[in-house]
Amino acid sequence: MSEEIRKGLAGVVADTTAISKVNPETNSLLYRGYPVQELAARCSFEEVALLLWNGELPTERELSEFREFDAAHRAMDSSLKTVIDALPTACHPMDVCRTAVSVLGAQDPAAEDDSPAANLLKAKKLFSALPAVVAYDQRRRRGQELIQPREDLDWCENFLHMTFGEVPAPEVKRAFSVSMVLYAEHSFNCSTFTARTIASSLSDLYSAVTGAIGALKGPLHGGANEAVMHTFDEIGIREDESEADAERRAKEWMDAALGQKRKVMGFGHRVYKNGDSRVPTMQAALFDMIEHVDRGEMMGLYKGLAKSMDEAKGIQPNLDYPAGPTYHLMGFDTPTFTPLFVAARVTGWTAHIMEQLAHNSLIRPLSAYDGPGERHLPE
């Protein structure tokens, strides 16, 4: 009997998870049962991280203790800075993230301790350490110096301060926090499954996260938010242009691209059949940012592309579509977008690594061979 092949493991249920799911009845992404749009509206990113790791939202005391821990573990070690400085600025920032996590793992004397307590501690340390890595890498590419963390700021405020050298406006912090919560977790996606596969071999948590970063770098996964901005750049961002003119040009560009059968990133999702449930929340944050910085042409480009895709194909945007322009308006360089995804998704990755190890079974699928039959070397 022939074996059924599920390319890309489409439709294959590989394991159980209590961390997240898409509720088909409401089309909502749930973190530990909570709709992510509710979490983004009412919870800090620190609260969501603890929810993903521990299964429940933290008490006020637990949150306070975690924030104290986070503030104490934000600074970049000089040896890690030396390694980052040695990397060429021509490399992709995701290469820097991948290398930084490897270095942090090599420096951790408890790297091989896979007890739940040890792995939770590693997860918290990565949560605190990654903002400095991402922020400094953007700054060094601009010829700017490292900014030391501030313990009086929360995680999002400190991240933005270390990147831009100023405390963010409330509108900017709010949009950034929303994006981090929405990007934090998404069940058995490509990078998360990669992390779980590596962890299933009983390799260490840092190795699993490093592998996940490699998977997230791909344009079919995390790199899509960068691709969205490349589309905007190709159309042309004209700051003095009216919203209506920008919308018209965007629609013309999309119609031409679809006519040429080009793949346009930022639209469609394998999991969602009725539109990505995260988009309305992220889109509202984008619109707030557009109003805050008075950039109507960005609204025109955004609406023009989305309307044209909907009219032509009936395909809706995914989270990357509003996230990319939002990060651009904050001042992040386009290659930094996917590292921002890393800083958020490390919470979900590490939650899955710990869940995998709690009931571990080596992930080792079969394959259907379609090469030459048995043959032998000539005598």
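The structure is a predicted model. Helix H2 packs with helix H6 at an angle of about 155°, and helix H9 crosses helix H10 at roughly 150°. The second largest pocket has a volume of about 380 Å³.

**Helices H2 and H6**

- H2 spans residues 45-54 and H6 spans residues 116-141, and their axes lie 12 Å apart.
- Angles over 145 degrees count as roughly antiparallel, and H2 and H6 are therefore roughly antiparallel to each other.
- The two helices, H2 and H6, cross in a right-handed sense.
- On the H2 side the contact is made by Phe45, Glu46, Ala49, Leu50, Trp53 and Asn54, and on the H6 side by Leu120, Ala123, Lys124 and Phe127.
- Sorted by class, the contact of H2 with H6 has seven nonpolar residues, one polar and two charged.

**Helices H9 and H10**

- The axes of H9 (residues 190-200) and H10 (residues 205-216) come within 8 Å.
- Their crossing angle of roughly 150° makes H9 roughly antiparallel to H10.
- The crossing of H9 and H10 is right-handed.
- H9 contributes Cys190, Ser191, Thr194, Ala195, Ile198 and Ala199, which meet Ser207, Ala208, Gly211, Ala212, Ala215 and Leu216 of H10.
- This contact of H9 with H10 has eight nonpolar and four polar residues, and no charged ones.

**Second largest pocket**

- The second largest pocket is lined by 14 residues.
- Nearest the centre of this pocket lie Leu9, Val12, Pro365, Leu366 and Ser367.
- The lining of the second largest pocket divides into nine nonpolar, one polar and four charged residues.

Terms used: Residues numbered from 1 in each chain as written. Predicted model: local features only at pLDDT ≥ 70, side-chain atom pairs only at ≥ 80, totals over all residues. Heavy atoms only, no water. Axes fitted to C-alpha atoms, helices over the stretch in contact; angles between N-to-C directions. Helix = DSSP H or I, 4+ residues; strand = E, 2+ residues; numbered from the N terminus. Parallel < 35°, antiparallel > 145°, perpendicular 65-115°, else oblique. Left-handed = near helix turned anticlockwise from the far one by under 90°. Contact = heavy atoms within 4.5 Å. Nonpolar A, V, L, I, M, F, W, Y, C, P; charged D, E, K, R; others polar. 1 Å grid on protein atoms, 1.4 Å probe; cavity = no way out; pocket = protein on both sides within 12 Å on 5 of 7 lines; lining within 4 Å. Points joined across faces, edges and corners; volume = space filled by probe spheres on them.
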